[in-house]
Amino acid sequence: VNLLIEFGKNQQDDVIFAVISQLDIIKTLVNLCEVNKTKEIKLLTLRALSSLCCTESSIRQLERAGGIATICRLLTSSTTLEVKVEAAGVLAQITSPWITENHRVNGLTSFIPDIVLQLSTLASLDCGEDSLLLVSAALANLTFMEPTSLDIILEHNIWRLLTSRVDSVGTISGEQFVSVFVRDQVVTILANLAAKDKGRISLSEHKGIQYLVKELSMPIFCVDTQQEMNAVERIIKKSAIALCRLCVGEAECRTLEAAGGVQRSVQLCEDAAARNYNDSILVACLALLRRAANHVKITQSFVHENLVDSFRELTSAQESYV
């Protein structure tokens, strides 16, 4: 099983995955999850499934093997915390938006209410940074693939649980901050909630705007690695998108201004280095400022000009130097 986990890490090797497909290895792993009672074997088997189910064809094999029901049952059963977290990891993998042509996982919909509630329970536990990342990623991916998950997240205030974990992690676990990868997943959930009427109401009533402005204000160079830098850029862009969806009226725009969201958005537009020369952030912030300008005073001329002209004026041909 450990060897299979290593094979899965080599995701560019088509030969390996062709052999895995011919040998029905995924079906064997699903059966092993079902029949084996040993926690250690279950954990290794789930890690192998998570490692191998990184292509559209392997996920289809998992479906045919009855693996979706198996993963969902493990996640929602009375098994150990470690097994549930690993099952959440498989769920995050098979619902990943990065896997092309994988827009739906057959057999998942009927489990959504129980899955989302179980993931929220796991998110509330102090079970480590890696576990929180798996759980938050699974929830974020479900908000894309299974829209009904958004209703459950709203009904049970799960988004507030997640933002409170980000805000209070220092007092819970002694860590100074939640990783940017977890924060990326949480902002993704908020951005998808902001696309719904009920979501906008909930976020506006419970300081969602202030939370998103805080994430928008994250310094672009607060991290050390390129992967972390990419995550910070996604956080800033998604925060701007979420705020643009939220700020549909004067009250929301006033809250945005008071929280410093207008000032930060102007900075990200005017200072290419502040956004690491990322034009996706520029577009998102321009859209946010143009919407906010309907209700609050913004003096910068580029906000009131044609969007394409403003983009051309502010965009930078320089590449990121990180």
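At what angle do α4 and α7 pack, and how far apart are their axes? The two helices pack at an angle of about 10 degrees, with axes 9 Å apart. This is a predicted model, in which local features need pLDDT of at least 70 and side-chain atom pairs count only at pLDDT 80 or more, while totals for chains, interfaces and linings use all residues. Residues are numbered from 1 along each chain as its sequence is written, and side-chain values use heavy atoms, with hydrogens and water left out.

**Largest pocket**

- The largest pocket has a volume of about 1,200 Å³; a pocket is an open set of points, on a 1 Å grid over the protein atoms alone with a 1.4 Å probe, that has protein on both sides within 12 Å along at least five of seven lines.
- Its lining comprises 40 residues, and Q93, S96, W98, A137 and Q185 lie nearest the centre; lining residues have an atom within 4 Å of a point.
- Two or more lining residues come from each of α1 (2–9), α4 (39–52), α7 (81–94), α9 (129–145), α12 (180–193) and α15 (226–246); helices are DSSP runs (H or I, at least four residues), numbered from the N terminus.
- By class, the lining of the largest pocket has 15 nonpolar, 15 polar and ten charged residues.

**Helices α4 and α7**

- The packing angle makes α4 roughly parallel to α7 (angles under 35 degrees count as roughly parallel).
- K39, K42, L43, L46, R47, L49 and S50 of α4 meet E82, V83, E86, A87, G89, V90 and Q93 of α7, where contact means heavy atoms within 4.5 Å.
- The residues of this contact divide into six nonpolar, three polar and five charged.

**Helices α6 and α8**

- The axes of α6 (residues 67–76) and α8 (residues 112–124) come within 9 Å and cross at roughly 45 degrees.
- The two helices are therefore oblique to each other, and their crossing is left-handed.
- C72, L75 and T76 of α6 make the contact with D114, I115, Q118, L119 and L122 of α8.
- Five nonpolar, two polar and one charged residue form the contact of α6 with α8.

**Helices α18 and α20**

- Helix α18 (residues 279–292) packs against helix α20 (residues 307–314) at an angle of about 135 degrees, and their axes are 11 Å apart.
- In α18, D279, L282, V283, L286 and R290 meet L307, S310, F311 and L314 in α20.
- The residues of this contact divide into six nonpolar, one polar and two charged.

How values were computed: Points joined across faces, edges and corners; volume = space filled by probe spheres on them. Nonpolar A, V, L, I, M, F, W, Y, C, P; charged D, E, K, R; others polar. Axes fitted to C-alpha atoms, helices over the stretch in contact; angles between N-to-C directions. Parallel < 35°, antiparallel > 145°, perpendicular 65-115°, else oblique. Left-handed = near helix turned anticlockwise from the far one by under 90°.
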